[in-house]
Amino acid sequence: MAVTYADFRAIDIADFDAVVVGSGFAGAVTARQLAEQGGLRVLVIEKRDHIAGNAYDEYDQAGILVHRYGPHIFHTNSQEAYDYLARFTEWSGYQHKVLADWFGTYMPVPFNKNSMEIAFGAERAARLIEKLIATFGDERKVTINELRAQEDPELAEVADFVYENVFLYYTQKQWGLTPEEVDPSVTARVPVFISRDDRYFQDTYQGMPVDGYTRLFEAMLGHDLITVCLGTEAESVFELVFASGDEDAPLTAIRIKGEAFEGPIVYTGPLDELFLARFGRLPYRSLDFVYETFEEDYHLPAGTVNYTVTEDYTRVTEFKWLTGQKGSKTTIMKEYSRAYEDPATQIPYYAIINGDNADLYGRYRRLTDALPNFYPLGRLAEYRYFNMDKVVVDALAAADRILWSLDHPDAAVPDAVSSATPAL
């Protein structure tokens, strides 16, 4: 069925049993489960003028289906996540490939046997590949640190090449860092893939929604117990009630339209924005996108090209590779990483996770601990980066916990329901 939309000013909050803030994966999956499995009347409020969060896609003026908030490629080893979303979409068989533009020469990313032949020439690459296989085995992902720990200077040279030509400048652009500020723990995880597999992901399940992500979300939110209010900011329609006037006093209730709402409130937005940044803003990196359309079948040799040694943009995506769309025109998108400075004009994409920022997030999170019906969920509300499949599985688990708690109001949630979702 179609999504039911309403004007927030016209709704009666007494008509709803649960409120979900945000219509991306975290919010939409939870809303569907609460409605379908629990029979709850769910109000979804969304600050943007469309559903689907950052996965939103639409057709541009050239008729090309584009992702408006950066490329989203679904991949997972979780059959649960894949099968759940398959209820709302058919999947294409798309397998994502990424190339690095190395001073005008393309090489596969992650750096692999094929990349090595491009970088070092066929003869020398053959010797290096033999050493890698002899040391680590074939079809393995080996980190830079593992290579540097070997006594063989040629393996250290491979590590240095990947660090300098694939990782360093790209990371500086992505995070706004100097080389000295690049976290060694991140560098340590940069892989060399001892394989001819040029796919960016090796997950069991991969693909794109055949009709696009927006259609997937329309199917998910199209339930007779779900109502969606667009253009509605939680910080504007929630009245927060605290235990005292102290700025660290815990939240004791949330009023909506003058009434304390006692049903579950699933919040998927930035936690600092809900509290009007009373302790300061949580730092993020934001993104700017520049679109270009060309009168040609394809403009790039793969779905994404990373600019690892040149240009001030980080990567370029050509959507027809992702979607399988045919036609004589094509649209690309250049991606620029920016500091997140103005919530009114920018979107927070990547949490900048370090000790100080984790402490600041913890201070915001503690404000919500005393409110039993408040559930922060997803990458913004939890100040983490999650892949889409992880968010889906976490949302399914969160809905289970909420529904169990509603059925057993005086009992602690058992381990089988409350245990953390396994990492994917």
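Tyr383 is buried, its relative accessible area being 4%. In this predicted model, the residue belongs to the loop between β23 (374-376) and α13 (388-407). Its phi is near 50°, a positive value in a residue other than glycine. A positive phi, near 55°, is also found at Glu139, again a residue other than glycine. Glu139 is located in the loop that runs between α4 (122-136) and β10 (141-143). Its relative accessibility is 48%, so Glu139 counts as partly exposed; the cut-off for an exposed residue is over 50%.

Strand β7 (residues 98-102) has five of its five residues buried and is therefore largely enclosed by the rest of the structure. In a regular strand, side chains alternate between the two faces of the sheet. For β7, one side carries Val98, Ala100 and Trp102, the other Leu99 and Asp101, and all of these residues are buried, which leaves both faces covered.

The pairing of β7 involves two strands, β8 and β19. With β8 (residues 105-109) the sense is antiparallel, over five bridges, and Val98 has Val109 of β8 as its bridge partner. With β19 (residues 304-306) the sense is parallel, over three bridges; here Ala100 stands opposite Asn306. The hairpin formed by β7 and β8 has two residues between the strands, and within this hairpin Phe103 adopts a positive phi near 50°.

Val109, the bridge partner of Val98, is joined to Pro110 by a cis peptide bond, with omega about 0°. Pro110 itself is part of the loop between β8 and β9 (111-112).

The packing of two helices was also examined. Such a pair is described by the angle between the helix axes and by the distance between those axes. Helix α1 (residues 25-36) packs against helix α8 (residues 213-221) at an angle of about 30°, and the axes are 9 Å apart. This makes α1 roughly parallel to α8, because angles under 35 degrees count as roughly parallel. On the α1 side the contact is made by Phe25, Ala28, Val29, Ala31 and Arg32, and on the α8 side by Tyr213, Phe217, Ala219, Met220 and Leu221. By residue class, the contact of α1 with α8 comprises nine nonpolar residues, one charged residue and no polar residues.

Key:
Residues numbered from 1 in each chain as written. Predicted model: local features only at pLDDT ≥ 70, side-chain atom pairs only at ≥ 80, totals over all residues. Heavy atoms only, no water. Axes fitted to C-alpha atoms, helices over the stretch in contact; angles between N-to-C directions. Helix = DSSP H or I, 4+ residues; strand = E, 2+ residues; numbered from the N terminus. Parallel < 35°, antiparallel > 145°, perpendicular 65-115°, else oblique. Contact = heavy atoms within 4.5 Å. Nonpolar A, V, L, I, M, F, W, Y, C, P; charged D, E, K, R; others polar. Buried < 20%, exposed > 50% of the residue type's maximum accessible area, 1.4 Å probe, protein only. Pairing = 2+ DSSP bridges.
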